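Have the model open alongside and read along with me.

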Amino acid sequence: MRVPIFAFIAIAICNFALAEVTVDSLPQSSLVPGGIAVVPVHGDAVSGSFRNERILLARYDGAQYAIIGIPLDAEPGPQQFNITDRDGEESLLQFEIVHKQYRERHLTITNERQVNPNAEDMERIGRESVEMRRAFSTWSESLAPEFAMSLPVDGVRSSSFGSRSFFNGQPRNPHSGMDIAAPEGTPILAPAPGVILTTGNYFFNGNTIIMDHGHGLISLYCHMNTIDVEPGAVIAAGEQIGAVGSTGRVTGPHLHWSVNLNNVRVDPALFLGENPSP
Ligand SMILES: [Zn+2]
């Protein structure tokens, strides 16, 4: 009987040890839709959730924080999340978000099907969005996220995160990433270490890479000319993963870069040591 008991204890200790991660830096807190709530918690939480998605818990400088992505469609006001401590006790915590007026952007797309897709396109788009949602909700316990990122492309940031988007005059989802314009073929460098989750060619996003940085921190690279990595590849910060292109729904060559926490697209500027996007 002793062996199974020891095994059980070892697994239990291991789970506790893995439930949070120690980090060198925190992302910038920005309590707005599309921002990040960096909330101090009581110090012995082992898991937490916000809107039914698991949240990242990190230890920084001896204190424990919940690092929560706030959806672009979140209403201003109090937002509640759960944490569970090592005794299994649950508590409800909250943070308050304020309204943010994002800009508008109007784009003209010459390929009408990319604005009003036909039935066959819609089927493809549905399949792809399931695939992408699955990738965005990946949780990798053994990867330790790094929040201090560098800009993945040396280029011009042509439109900001969160802007309300109109394609050929028709309202569409708000812009959920950062666009960086650069000539076709400009190298795209990993902004932080991670593992390649998925690569593919998607209707709107063109040639795409989804990269896992651990604990629900996941980044997306779209419209690429070439993809230089395979799923499963372990990538160092600064390593080339592909090149800028104009595949998918674009008006010119650029990288669309987005960063996800708890399956929510947040402002990538918050990982660059900058102020939030205007
Ligand atoms: Zn974009």
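I started with Gly252 and looked up its neighbours: leaving out residues up to four places away in sequence, Gly252 touches Gly245 and Ser246 (contact means heavy atoms within 4.5 Å). Gly252 sits in the loop between β19 (240–244) and β20; strands here are DSSP runs (E, at least two residues), numbered from the N terminus. I also checked Gly252 against Pro183: the two are 69 residues apart in sequence, and their C-alpha atoms are 9.0 Å apart in space.

A note on ground rules before going on. I am working with a predicted model, where local features need pLDDT of at least 70 and side-chain atom pairs count only at pLDDT 80 or more, while totals for chains, interfaces and linings use all residues. Residues are numbered from 1 along each chain as its sequence is written, and side-chain values use heavy atoms, with hydrogens and water left out.

Next entry, the metal. I found the zinc ion coordinated by His175 (NE2), Asp179 (OD) and His256 (ND1), at 2.0 to 2.2 Å. Along the chain these donors follow the spacing H-x3-D-x76-H. His175 is in the loop between β12 (170–172) and β13 (178–181), and His256 is in strand β20 (residues 254–261), 81 residues apart, so this pair links distant parts of the chain. Donors are N, O and S atoms within 2.8 Å of the metal (3.2 Å for Na, K and Ca); water is not among the atoms, so the site may look incomplete.

Then the domains. The assignment, which is automatic or from a database, gives domain 1 (2–97) and domain 2 (104–271). Their centres, taken over C-alpha atoms, are separated by 26 Å. I see 24 residues from domain 1 and 24 residues from domain 2 in the contact.

How much area is buried between domain 1 and domain 2? I get about 1900 Å², with 69% from carbon and sulfur atoms; buried area is the accessible area (1.4 Å probe) that two parts lose on being put together, summed over both. Arg54, Leu56 and Leu72 supply 29% of what domain 1 buries against domain 2, more than any other three residues.

Last, the salt bridges (a side-chain nitrogen of Lys or Arg within 4 Å of a carboxyl oxygen of Asp or Glu). The whole structure has seven, and the count between domain 1 and domain 2 is one. Arg54 bridges to Glu141, with the closest N and O atoms 3.2 Å apart. I also noted Asp73 with Arg51, at 3.8 Å from N to O. Asp73 lies in the loop between β6 and β7 (77–85) and Arg51 in the loop between β3 (45–50) and β4, so this pair ties together parts that are 22 residues apart in sequence.

How values were computed:
Helices (H or I, at least four residues) and strands (E, at least two) are DSSP runs, numbered from the N terminus.
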